[in-house]
Amino acid sequence: MSVTIRTLQKRKQDGEKFSVLTAYDACFSKLISEAGIDAILVGDSLGNVIQGQSSTVPVTLEQMAYHTECVARGNSGSLIIADVPFMGAATVERALESSTALMQAGANMVKLEGSAWLAESIELLNRNGIPVCAHMGLTPQAVNALGGYRVQGKDDDSATEMLEAARILEQAGAAMLLLECVPRELSTRITQAVNIPVIGIGAAPECDGQVLVMHDMLGISPGKPARFVKNFMTDASDIPSAFKAYHEAVLNVSFPAEEHCF
Ligand code: KIV
Ligand code: NA
């Protein structure tokens with residue numbers, strides 16, 4: 001049976017977790033979905049892990065649509081979320097155009113990076129049958145404005161602002177939220193404050209779901225891994241087993257542990 005947005009909403013209501021991994025091609029999409037991972041994110045992190053870029057800024061809508069098509073062909077039953085790339089939601093019109101292309105490429109949901117200002121786009125997308133995940137906290141497309149990949153929402157003012165933004169986006173019709181590099185306590189407060197599922201990465205085990213970049217959790221990304229990454233290949237005999245171990249660890253809340261949080 002295919003995972004839908006309703007499946008994930010029900011998980012939240014029932015206090016059960018769900019797993020998400022990134023994929024960019026058909027082979028891994030097939031393995032990930034067959035391992036029981038609930039949702040696949042076609043992340044613009046493909047700029048880093050596929051293209052060798054130093055940020056996600058150069059990734060284009062055409063590239064996102066191409067990889068979404070590849071993932072959709074390999075998928076067997078996971079929910080497909082596709083990233084709207086850099087500048088793809090700069091105006092409401094652009095958000096509609098970008099999201100249309102990704103949905104027609106095979107996505108079931110789009111993810112937009114931003115904050116409360118996304119409300120108008122989310123409302124319009126929602127009205128047109130496109131569910132939206134709003135990505136808050138560390139938004140890598142804004143790395144140049146943020147001055148690096150840093151934890152967000154650390155002081156009282158920015159924490160209050162993020163919590164308020166979460167409520168505004170839920171009100172606007174966001175189907176899901178994603179928190180990246182947000183302190184555990186704030187991530188927990190946001191997850192409890194909204195009725196929509198919240199996915200965490202560098203956030204909290206209290207979030208409703210967890211996501212990792214596939215290359216990171218397989219230990220094949222170059223360089224020093226981020227604090228929130230766990231290599232699931234270390235104890236696995238093959239790649240499908242690593243995916244299954246990650247799924248289990250998310251569902252039984254053994255991942256993320258305290259050492260993966262901020
Ligand atoms: O592009 C991506 O892989 C992401 C996740 C890190 C959340 O946005
Ligand atoms: Na992304």
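Predicted model: local features only at pLDDT ≥ 70, side-chain atom pairs only at ≥ 80, totals over all residues.
A search of the whole structure finds nine salt bridges. Three of these pairs are described here in turn.

Another salt bridge is formed by the side chains of R167 and E164, at 4.0 Å from N to O. Both residues belong to helix α8, residues 156–172. They are three residues apart, so about one helical turn separates R167 from E164. R167 is partly exposed, at 39% relative accessibility. E164 is partly exposed as well, with a relative accessible area of 40%.

A further salt bridge involves R184 and E206, whose side chains meet at 2.8 Å, N to O. R184 sits in helix α9 (residues 184–193), whereas E206 sits in the loop between β7 (198–201) and β8 (209–212). The pair therefore ties together parts that lie 22 residues apart in sequence. R184 is partly exposed, with a relative accessible area of 23%. For E206, also partly exposed, the value is 30%. The contact belongs to a network: salt bridges with shared partners join R184, E206 and E258.

Technical notes
Residues numbered from 1 in each chain as written. Chains lettered and ligands numbered in written order. Heavy atoms only, no water. Helix = DSSP H or I, 4+ residues; strand = E, 2+ residues; numbered from the N terminus. Buried < 20%, exposed > 50% of the residue type's maximum accessible area, 1.4 Å probe, protein only.
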